[in-house]
Amino acid sequence: MTMPAEIQFKDVDLDAVADATGKVVVFVDLEGKLSAGARKVNALMRKALARFVESAAFEKMAAGDLSTLAYPAGMAAEAVCVIKLGRRPSSQEARKAGAQLAKAQGGKDLLVLAGSVARADEIALGLALRGYSFDAHKTEEAKPAGAVTFMVAQPEEVAKTAAPMAAIAEGVFFTRDLTNEPANVLTTDDFAARLAAMQELGLEVEILEEDDLVKLGMRTLLSVGQGSDSPSKVVVMSWNGGGKEAPFALVGKGVVFDTGGISLKPAGGMEDMTMDMGGAGVVAGVMRTLALRKAKANVVGLVGLVENMPSGSATRPGDVVKSMKGDTIEIINTDAEGRLVLADVLWYAQERFKPVGMINLATLTGAILVALGHENAGVFSNSDELSTAFIKAAAAEGEGAWRMPMGPAYDELLKSRIADMKNVGGRFAGSITAAQFLQRFVKDDVPWCHLDIAGTASVKKETALAPAGATGWGVMALNRLIADKYET
């Protein structure tokens, strides 16, 4: 998998600055006050840094912005990167600064003169997250990334607080790799194998094959994958870092490619449907993060892995299938397949693990894109407490999330003449009727959130902490939720 940059934290040694190669990074506060490292560099540059700080260009910089001064006099470095940052920056400002460093690095060594600058660990996290690049299928030889060294006043303490953030970055990278991977590589078999490999991190991983799913009665999940040569699977990942308490459950939609089935999607943009397993990717990334940082919580992650293809054996519009729960579903549109996968996995998670709470993630509806665009995921819930806690965690991590309405009136749109329900409710309120469908497979006493991440899992333009493509949205928010609410 793609690995985040390895960042070293060392004691401040300003005598080594003059001979440092690559790029040297200094910090200046919002009022133009130079940090200790910046003062050293300013002296080496014959006060050129101070002149820049007095310029209109520096005045226009916002907190977290970066400017580059090339070929500084008196230094071996090829550039000095100047970051404008307040004395008490927010986490998002610090991460933004780190992301700007990743963009400016250009394969060169970075010496970051952080000294006593606040939130050096968050700056390092931003650098790591934005340094991602998915190059697995490019034939050109990868260029060396360059070493990253932070000189800080208390390196051991900063390294200690940065360690769990490094685990977060690795979890995000794992999610991004999975979501970016083409479907001829990330088959259901390959996906399951990558998850099974996490046993070496201490996760318990169990793979349920098609015969197992038949015995369990997961007919709605199996109906989605029956037109594909790739076998459908459910993978169960367990992290038992807490006591004897029941686990918190994460459930992810893992449609490795979605043609729409018999209800075939238009050709334009269908290539993007490699990301339709984004929900399962996030669950996998969270589980990796929890294992790497040895979280003191019990969490189970379940993903339904299928491929939705048209063939002579594919499910047809008009077919009726019975869920593991026992409810019957009339399939109106085979392109509304994610909810069929989740229905059985949600029910199985509750029957087997009796979770204290449950969140499912899915790139479920185009309707959520119409409602919220790419800035926020849709949050649907039967629990004010759980939804509020998640939205608070998402806000703290800078991951947009917005609660959407639910209500019995929307259930009217799911009524079927020949079965217990239809799998779609028509043109209007599409993301809400999808959530109402899923809620039918959630027990009344289980706090639950459904996160529709169709707009946030993968994007066409870069974001603050990710290049274009898979974002890894949700890994940080869910990790924080678990840390805040479920760790012992």
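The model is predicted, so to speak of a local feature takes pLDDT of at least 70, and side-chain atom pairs count only at pLDDT 80 or more, while totals for chains, interfaces and linings use all residues. Residues are numbered from 1 along each chain as its sequence is written, and side-chain values use heavy atoms, with hydrogens and water left out.

**Nonpolar cores**

- The largest nonpolar core has 66 residues, and Leu250, Ile359 and Phe390 touch the most other members.
- Helix H10 (residues 278-292) supplies the largest share of this core, eight residues.
- A core here is a set of buried Ala, Val, Leu, Ile, Met, Phe, Trp, Tyr and Cys residues joined through side-chain atoms within 4.5 Å.
- Buried means under 20% relative accessible area, exposed over 50%, and partly exposed in between (1.4 Å probe, protein chains only).
- Helices (H or I, at least four residues) and strands (E, at least two) are DSSP runs, numbered from the N terminus.
- Which residues does Ile359 touch, not counting those up to four places away in sequence? They are Phe248, Ala249, Leu250, Val251, Leu386, Phe390, Cys449, Leu451, Leu478 and Leu481.
- Contact means heavy atoms within 4.5 Å.
- There's also a second, separate core of 40 residues, with Val234, Val236, Ala362 and Val446 among them.

**A three-stranded sheet**

- Strands E11, E12 and E16 form an open sheet, in the order E11-E12-E16, with mixed pairing.
- E11 (320-322) and E16 (421-422) sit at the edges with a single partner strand each, so one side of each has no neighbour in the sheet.
- Two strands pair if DSSP finds at least two bridges between them.
- E11 and E12 (residues 328-330) run antiparallel and are joined by three bridges; Val320 has Glu330 in E12 as its bridge partner.

**Salt bridges**

- The count comes to 27 salt bridges, taking a side-chain nitrogen of Lys or Arg within 4 Å of a carboxyl oxygen of Asp or Glu.
- Asp65 pairs with Lys96, with the closest N and O atoms 3.1 Å apart. Asp65 is in the loop between helix H3 (56-60) and strand E3 (66-70) and Lys96 is in helix H4 (residues 91-105), so this pair ties together parts 31 residues apart in sequence.
- Arg288 forms a salt bridge with Glu170, the closest N and O atoms being 3.0 Å apart. The pair links distant parts of the chain, 118 residues apart: Arg288 is in helix H10 and Glu170 in helix H6 (residues 155-180).
- Are Arg288 and Glu170 buried or exposed? Arg288 is buried, at 10% relative accessible area, and Glu170 is buried too, at 13%.
- Glu351 and Lys443 meet at 2.5 Å, N to O. Glu351 is in helix H11 (residues 338-353) and Lys443 in the loop between helix H14 (430-439) and strand E17 (448-452), 92 residues apart.
- Glu351 is partly exposed at 36%, and Lys443 is partly exposed at 24%.
- Arg95, Glu122, Glu397 and Arg480 are linked in a salt-bridge network.

**Thr289**

- Thr289 is in helix H10 and counts as buried, at 0% relative accessibility.
- Leaving aside neighbours within four places in sequence, Thr289 is in contact with Ala167, Ile168, Gly171, Val475 and Asn479.
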